[in-house]
Amino acid sequence: SSGINAEWPLRPGRKATKYLKDVVAQKQIIPMRRFMGGVGRHAQAKAFNTAGSLGAWPKKSATVVLDLLRNAESNAEVKGLEVDSLVVEYIQVNRAPQMRRRTYRAHGRINPFMCSPCHIEMILTETESIV
(Lines give C-alpha, C1' and ligand atoms only; values in the text may rest on other atoms or scores of the structure.)
Protein backbone atom coordinates (compact mmCIF):
# COMPACT_ATOMS: atom_id res chain seq x y z
CA SER A 1 0.00 0.00 0.00
CA SER A 2 2.86 2.37 0.66
CA GLY A 3 4.04 2.14 -2.95
CA ILE A 4 0.57 2.95 -4.20
CA ASN A 5 0.09 6.11 -2.16
CA ALA A 6 3.41 7.63 -3.31
CA GLU A 7 2.08 7.98 -6.87
CA TRP A 8 -1.08 9.91 -6.03
CA PRO A 9 -0.64 13.62 -5.31
CA LEU A 10 -3.65 15.43 -6.81
CA ARG A 11 -4.76 12.62 -9.09
CA PRO A 12 -8.40 12.89 -10.24
CA GLY A 13 -10.71 10.17 -8.95
CA ARG A 14 -11.55 8.67 -12.36
CA LYS A 15 -7.87 8.53 -13.38
CA ALA A 16 -7.00 6.90 -10.05
CA THR A 17 -9.61 4.18 -10.60
CA LYS A 18 -8.34 3.55 -14.13
CA TYR A 19 -4.74 3.43 -12.90
CA LEU A 20 -5.60 0.88 -10.19
CA LYS A 21 -7.57 -1.28 -12.62
CA ASP A 22 -4.56 -1.22 -14.96
CA VAL A 23 -2.29 -2.23 -12.06
CA VAL A 24 -4.51 -5.22 -11.28
CA ALA A 25 -4.50 -6.18 -14.98
CA GLN A 26 -0.69 -5.61 -15.09
CA LYS A 27 -0.95 -2.96 -17.81
CA GLN A 28 0.70 -0.27 -15.64
CA ILE A 29 3.28 -0.75 -12.92
CA ILE A 30 3.74 0.84 -9.52
CA PRO A 31 7.36 1.97 -9.12
CA MET A 32 8.94 0.88 -5.86
CA ARG A 33 11.06 3.68 -4.45
CA ARG A 34 11.24 3.06 -0.71
CA PHE A 35 10.60 -0.58 0.24
CA MET A 36 12.44 -2.27 -2.61
CA GLY A 37 14.01 -5.34 -1.05
CA GLY A 38 13.36 -8.34 -3.27
CA VAL A 39 11.46 -6.34 -5.90
CA GLY A 40 12.24 -7.29 -9.48
CA ARG A 41 13.22 -5.09 -12.41
CA HIS A 42 10.60 -4.48 -15.07
CA ALA A 43 10.61 -2.50 -18.30
CA GLN A 44 7.39 -0.65 -17.38
CA ALA A 45 9.17 1.01 -14.45
CA LYS A 46 11.53 2.87 -16.80
CA ALA A 47 8.74 5.34 -17.54
CA PHE A 48 8.82 6.51 -13.90
CA ASN A 49 12.61 7.03 -13.84
CA THR A 50 13.17 4.95 -10.70
CA ALA A 51 16.54 3.72 -9.56
CA GLY A 52 17.19 0.36 -11.19
CA SER A 53 13.71 0.34 -12.82
CA LEU A 54 12.20 -1.49 -9.86
CA GLY A 55 8.46 -1.96 -9.82
CA ALA A 56 5.65 -4.36 -9.00
CA TRP A 57 1.94 -5.00 -9.49
CA PRO A 58 0.61 -5.37 -5.92
CA LYS A 59 -2.80 -6.88 -6.70
CA LYS A 60 -4.03 -7.23 -3.10
CA SER A 61 -3.11 -3.67 -2.12
CA ALA A 62 -4.49 -2.24 -5.36
CA THR A 63 -7.86 -3.95 -4.92
CA VAL A 64 -8.15 -2.71 -1.32
CA VAL A 65 -7.39 0.89 -2.33
CA LEU A 66 -9.71 0.56 -5.34
CA ASP A 67 -12.57 -0.55 -3.06
CA LEU A 68 -11.80 2.36 -0.72
CA LEU A 69 -11.88 4.78 -3.65
CA ARG A 70 -15.22 3.39 -4.85
CA ASN A 71 -16.60 3.77 -1.33
CA ALA A 72 -15.42 7.38 -1.16
CA GLU A 73 -17.02 8.13 -4.53
CA SER A 74 -20.35 6.66 -3.43
CA ASN A 75 -20.18 8.67 -0.19
CA ALA A 76 -19.57 11.83 -2.23
CA GLU A 77 -22.52 10.98 -4.47
CA VAL A 78 -24.80 10.59 -1.42
CA LYS A 79 -23.60 13.94 -0.07
CA GLY A 80 -24.46 15.62 -3.37
CA LEU A 81 -20.95 16.24 -4.71
CA GLU A 82 -20.10 15.80 -8.37
CA VAL A 83 -18.18 12.54 -8.73
CA ASP A 84 -16.36 13.51 -11.96
CA SER A 85 -14.75 16.56 -10.33
CA LEU A 86 -13.31 14.67 -7.32
CA VAL A 87 -9.54 14.77 -6.79
CA VAL A 88 -7.50 12.60 -4.43
CA GLU A 89 -5.94 15.38 -2.37
CA TYR A 90 -4.37 13.34 0.40
CA ILE A 91 -3.66 9.66 1.00
CA GLN A 92 -1.67 8.15 3.84
CA VAL A 93 -0.99 4.60 4.99
CA ASN A 94 -0.13 3.98 8.65
CA ARG A 95 0.75 0.84 10.54
CA ALA A 96 -1.97 -0.68 12.70
CA PRO A 97 -1.42 -2.82 15.82
CA GLN A 98 -0.36 -6.33 14.92
CA MET A 99 -2.80 -9.12 15.62
CA ARG A 100 -1.41 -12.20 17.34
CA ARG A 101 -2.06 -15.82 16.53
CA ARG A 102 0.04 -18.89 17.07
CA THR A 103 1.45 -21.51 14.79
CA TYR A 104 2.43 -24.96 16.00
CA ARG A 105 5.90 -26.24 15.17
CA ALA A 106 7.74 -29.52 15.46
CA HIS A 107 8.77 -30.99 18.84
CA GLY A 108 5.91 -29.26 20.68
CA ARG A 109 7.06 -25.69 20.09
CA ILE A 110 4.82 -22.71 19.39
CA ASN A 111 5.82 -19.61 17.41
CA PRO A 112 3.96 -16.33 16.95
CA PHE A 113 1.97 -15.91 13.74
CA MET A 114 1.56 -12.16 13.31
CA CYS A 115 -0.25 -10.20 10.63
CA SER A 116 0.59 -6.63 9.69
CA PRO A 117 -2.60 -4.62 9.04
CA CYS A 118 -2.67 -0.94 8.13
CA HIS A 119 -4.90 2.12 8.34
CA ILE A 120 -5.52 3.89 5.03
CA GLU A 121 -6.59 7.53 5.17
CA MET A 122 -7.86 9.16 1.97
CA ILE A 123 -9.27 12.66 1.42
CA LEU A 124 -11.07 13.53 -1.80
CA THR A 125 -12.04 17.11 -2.62
CA GLU A 126 -14.22 18.57 -5.32
CA THR A 127 -12.39 20.90 -7.71
CA GLU A 128 -13.96 23.64 -9.77
CA SER A 129 -13.92 22.93 -13.48
CA ILE A 130 -12.06 25.51 -15.57
CA VAL A 131 -14.13 26.72 -18.53
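Reader: In which hand does α2 pass α3?

Author: A helix crossing is left-handed if the near helix is turned anticlockwise from the far one by less than a right angle. In this predicted model, α2 passes α3 in a left-handed crossing.

Reader: At what angle do the axes of helix α2 and helix α3 cross?

Author: The axis of α2, residues 13-24, and that of α3, residues 59-78, cross at roughly 155°. They come within 9 Å. Angles over 145 degrees count as roughly antiparallel, and α2 and α3 are therefore roughly antiparallel to each other.

Reader: Which residues make the contact?

Author: From α2 the contact takes Gly13, Arg14, Ala16, Thr17, Leu20, Lys21, Val23 and Val24. From α3 it takes Lys59, Ala62, Thr63, Val65, Leu66, Leu69, Arg70 and Glu73. By class, eight residues of this contact are nonpolar, three are polar and five are charged.

Reader: Is Asp22 buried or exposed?

Author: A residue counts as buried when its relative accessible area is under 20%. Asp22, which lies in helix α2, has a relative accessible area of 12% and is therefore buried. Leaving aside neighbours within four places in sequence, Asp22 is in contact with Lys27 and Gln28.

Reader: How many helices and strands does the protein chain have?

Author: The protein chain has three helices and seven strands. Along the sequence they follow the pattern α-β-α-β-β-α-β-β-β-β.

Reader: What share of the residues in the protein chain is buried?

Author: Of the 131 residues in the protein chain, 29% are buried. The accessible surface of the chain is about 9200 Å², and carbon and sulfur atoms hold 52% of that surface.

Definitions and conventions
Residues are numbered from 1 along each chain as its sequence is written. This is a predicted model: local features need pLDDT of at least 70, side-chain atom pairs count only at pLDDT 80 or more; totals for chains, interfaces and linings use all residues. Side-chain values use heavy atoms; hydrogens and water are left out. Axes are lines fitted to C-alpha atoms, for helices over the stretch in contact, and angles run from 0 to 180 degrees between N-to-C directions. Helices (H or I, at least four residues) and strands (E, at least two) are DSSP runs, numbered from the N terminus. Angles under 35 degrees count as roughly parallel, over 145 as roughly antiparallel, 65 to 115 as roughly perpendicular and the rest as oblique. Contact means heavy atoms within 4.5 Å. Ala, Val, Leu, Ile, Met, Phe, Trp, Tyr, Cys and Pro count as nonpolar, Asp, Glu, Lys and Arg as charged, and the others, Gly among them, as polar. Buried means under 20% relative accessible area, exposed over 50%, partly exposed in between (1.4 Å probe, protein chains only). Accessible areas come from the Shrake-Rupley method with a 1.4 Å probe; for residues, only the protein chains shown count as cover.
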